[in-house]
Amino acid sequence: MAMKQEQFSTEIVNRGLENSGPNAGSFYFYVKVRPRLPDFLSSVNLKYVKLGYGYMLSHSFYFLVAPVLLVILGVELRKFTWEDFDQKCDVTDALFIVGLLGLILYIYLDLTPRSTYLVDFACYRPPNELKISKEEFIELARKSGSFNDAAIEFQQRALKNSGIGNETYLPRVIFSPNQKITLKDGREEVGEIMFGAIKDLFAATKIKPKDIRILVVNSGLLNTTPSLSSMVVNHFKFNHNIHSFNLGGMGCAAGIIAIDLAKDLLLAYPGAYALVVSAEAVTYSWYKGNEPDMLLPNCFFRMGASAMLLSSFRLDRWRSKYELKQLVRTSKAMDNRSFQSIHLREDAEGRQGISVSKDVIEVGGHALKANITTLGPLVLPVSEQLHFFTNMLFKKEKAKPYIPDYKLAFNHACILAASKKVLDEIQKNLELTEEYMEASRKTLERFGNTSSSSIWYELAYLEANSRIKKGDRIWQVAFGSGFKCNSVVWKALRNVGKPKLSPWIED
């Protein structure tokens, strides 16, 4: 029972004096009981620790073998002197040795996994006429006639505690009275934000559409025919041999999945450029009903999109901003509670919307815990890992296991800006400082929850404030329907100054 209670948080709410009825003049209060993230310190699932070390060993094979071969080769060469080569080798032998060494070097470089570089990225900032304050949101929602008084009051309370500011962006068509949202409305919105982000990226990198060989587009709800990736190909007139992919229905964690897919494709097509686009159409996910669990997405989701240019070409390292170091994906879809925590459904009156269950905080916490436990062996310093295993082997009975300090593994954190409550819980459980949470909180306030592109607005915030230094490691983590939690770690290849184009820099 004690373990079960740890999954909830309580809050006493004072409603003041009762004005009427038999209890008039008495103080009236109630107790809120909410689910929260599981206590990360209570247990560690060794299955995910083992999985993390499995990733590390498989990726380190080539780097462990190479030094051994070089040592053996060096020892053998030390047996010979220059006179030996001068007397025993003619020009043909010398050319043969050089060719052999060149072949060995070529085979090694060909077999060694190529690094994936993030050349640059861009985030779209909608026009100022689409800015909306929380007060205007409620006013337009009331005038739309789509919601009853209880639904308006619920959204008002949700916005008050959301962490969202008064300069986020929403298309006004969603508030139009008696107007049904159409597929055309969704296409127009997603086209504006996708094309805007891609144009900014092309302007920053001087890359032309014909240079793109791989295209991956992800969007959670809007899935059209032709696909969104085909919309991009058609708009920018990419070459006919473009390898395009469209990921749909994978929620806010899909952006990192798209990066993972692009990384694998770059291994198959070395020397190519991959364009990854993350977007979400708020218009098409807007709910015009009164179910509380379906009203929450209305309050948090806002317009936004990002575009990322990736390369595995070794010479691109010198012009790229970041190198991909680790990527870990965790899925909890095999668990029914996790699978049903976020889903698209229709209410009793047939109105479609995204339903967010009360279990989402708890199941999200379990997914996050599994993900960072797998990620730990890949990123933590050796000293922290030794401390962890020493504590695990010799800890006293009933004592909580030592949880490594993840702040030692990263210089910056970009945590999906889902809501203030989610960020508060993650900060508390991982014991992160305000400095680590700053980018996520500022992004939530300025742009709201832009779904899978949110983590890129956060990285853009760090760049705009000149926080990124050469060698810094940046942890991006996102979670979404399924339930999924995905992490990617980037290493800065140089000091990154303020970019000329940034959603955080006003024109």
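Helices here are DSSP runs of H or I with at least four residues, strands are runs of E with at least two, and both are numbered from the N terminus. By that rule, K421 sits in helix α15, residues 420–430.

First, what we are looking at. This is a predicted model, in which local features need pLDDT of at least 70, side-chain atom pairs count only at pLDDT 80 or more, and totals for chains, interfaces and linings use all residues. Residues are numbered from 1 along each chain as its sequence is written, and side-chain values use heavy atoms, with hydrogens and water left out.

The protein chain has 17 helices and 15 strands. Of its 507 residues, 48% are buried; buried means under 20% relative accessible area, exposed means over 50%, and partly exposed is in between, using a 1.4 Å probe and protein chains only. Contact means heavy atoms within 4.5 Å. Among contacts in the chain with a separation of 6 or more, 78% are between residues 24 or more positions apart.

Now one pair of helices. Two packed helices are described by the angle between their axes and the distance between the axes. Here α5, residues 134–144, packs on α6, residues 149–160, at an angle of about 165°, and the axes are 10 Å apart. That makes α5 roughly antiparallel to α6. For the terms: axes are lines fitted to C-alpha atoms, for helices over the stretch in contact, and angles run from 0 to 180 degrees between N-to-C directions. Under 35 degrees is roughly parallel, over 145 roughly antiparallel, 65 to 115 roughly perpendicular, and the rest oblique.

Which residues of α5 and α6 meet? From α5 they are K134, F137, I138, A141 and R142, and from α6 they are I152, Q155, Q156 and L159. By class, this contact has five nonpolar, two polar and two charged residues. Nonpolar covers Ala, Val, Leu, Ile, Met, Phe, Trp, Tyr, Cys and Pro; charged covers Asp, Glu, Lys and Arg; the others, Gly among them, are polar.

Staying with α5, the buried residues are F137, I138, A141 and S144. Down the axis of α5 they fall within an arc of 125°, so they line one face of the helix; the arc is that of the directions from the helix axis to the C-beta atoms. On the face turned away from the buried side, α5 carries the exposed residues E135 and K143. After α5 comes G145, with a positive phi near 75°.

Next, some backbone details in loops. Where is P226? P226 is in the loop between β6 (212–219) and α8 (228–236), and the peptide bond from T225 to P226 is cis, with omega near 0°. G482 and F483 are also joined by a cis peptide bond, with omega about 5°; F483 lies in the loop between β14 (473–480) and β15 (484–492).

N178 is not a glycine, yet its phi is positive, about 60°. N178 is in the loop between β5 (168–169) and α7 (183–205), and counts as exposed at 82% relative accessibility.

Back to K421. Its relative accessible area is 29%, so K421 is partly exposed. K421 and G163 are 258 residues apart in sequence, but 8.4 Å apart in space, C-alpha to C-alpha.
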